[in-house]
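The stops below go from one selection to the next.

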Amino acid sequence: MNSISMPSSLVLQLPSRHLSCHRQLHSHYISNRTVACHVRLVSSLSSSFLSNSCCSLHTRQSSIGAAVPSNDEGPVSVINFEEFAEKDWSFLDLEDSNSVQHKQNLGRIISAGEIGETSRVLVLIGSEEFVDQLVDTSPASPLHVIHDSLFVLAITKEKYDKVKCWHGELIHMPAKWAPLDVVFLYFLPALPFKLDQVLGTLAQHCSQGARVVISHPQGREALEQQRKQYKDVIVSELPDKMTLQNAASNNSFEITEYVDEPGFYLAVLRFSRARN
């Protein structure tokens with residue numbers, strides 16, 4: 001995987017149009033001293049996902065400037081991301097995110113994971129609000145987050161320094177995170193892989209009895225509306241029960257719960273590794 005090593009202090013020069021709605025930048029810099037509109041990227045963030053990024057940052061050497069002095073942090077590397085086109089993930093922050101029903105749906109998804117105090121939990125393509133509620137209500141430690149958005153990961157790391165964030169493809173996820181006990185495929189339709197490949201990859205990282213929770217807090221109807229507006233992000237479907245059953249059985253999973261309502265989708269798979 002392509003990667004680039006980052007120093008302990010990092011400034012990203014980013015055009016404001018690439019930040020998702022409700023978080024538009026009024027300056028071009030995201031630094032490790034700024035909160036709110038400017039997101040801090042600390043050394044643990046750069047080491048945990050930027051150094052493993054599949055953005056091919058090293059191919060943009062012409063955009064990387066020389067180190068510049070900082071008042072209190074020593075040399076700071078400046079990277080110009082004018083050519084870096086982040087996809088629009090604003091649809092993950094739903095308009096009714098503060099409604100009682102929406103919070104209940106998120107709670108229903110989290111409860112399906114049956115998280116224990118020692119559970120190793122992974123969230124794939126999660127929303128900011130989902131991670132917030134998961135951290136607030138879950139006893140799990142450690143928590144891992146994989147996302148295609150550098151902005152979402154930076155915001156997550158700013159809020160929760162102990163959360164391990166990684167920017168890259170699912171199929172290249174860090175082996176050291178295994179074994180996972182709970183996996184939330186919060187927005188499966190954004191993953192550019194077939195369901196068999198997704199479950200096959202997770203099977204290599206799951207513990208015996210691990211639970212994989214596939215969800216959409218607003219269901220298929222909302223997904224179809226989102227697809228019309230975000231065609232470059234939403235590239236697959238929520239699986240029907242038969243499709244899910246076939247993919248699950250091919251990869252040592254079994255369906256323990258399946259809900260496909262107009263306004264809510266939830267599928268829970270349990271992993272059972274074949275014993276010799």
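**Stop 1**

Select Glu-114 and Arg-270: their side chains meet in a salt bridge, 4.0 Å from N to O. A salt bridge here is a side-chain nitrogen of Lys or Arg within 4 Å of a carboxyl oxygen of Asp or Glu. Glu-114 lies in the loop between helix 2 (100-112) and strand 4 (121-124) and Arg-270 in strand 10 (residues 264-271), so the pair ties together parts that are 156 residues apart in sequence. Helices (H or I, at least four residues) and strands (E, at least two) are DSSP runs, numbered from the N terminus.

This is a predicted model, in which local features need pLDDT of at least 70 and side-chain atom pairs count only at pLDDT 80 or more, while totals for chains, interfaces and linings use all residues. Residues are numbered from 1 along each chain as its sequence is written, and side-chain values use heavy atoms, with hydrogens and water left out.

Colour by accessibility next. Glu-114 is exposed, with a relative accessible area of 53%, and Arg-270 is partly exposed at 28%. The classes are buried under 20% relative accessible area, exposed over 50% and partly exposed in between (1.4 Å probe, protein chains only).

**Stop 2: helix 6**

Select Asp-260 and Arg-220, whose side chains form a salt bridge of 2.7 Å, N to O. Asp-260 sits in strand 9 (residues 253-261) and Arg-220 in helix 6 (residues 219-229), so this pair links parts 40 residues apart in sequence.

Glu-224 is partly exposed at 34%, whereas Arg-227 is buried at 18%. The structure holds 8 salt bridges.

**Stop 3: helix 2**

Which residues of helix 2 are buried? Select His-102, Asn-105, Leu-106, Ile-109, Ile-110 and Ala-112. Seen down the axis of helix 2, the buried residues fall within an arc of 165 degrees (taken from the directions from the helix axis to the C-beta atoms), so they line one face of the helix. The face turned away from the buried side carries the exposed residues Val-100 and Ser-111. Finish just after helix 2, where Glu-114 takes a positive phi of about 50 degrees.
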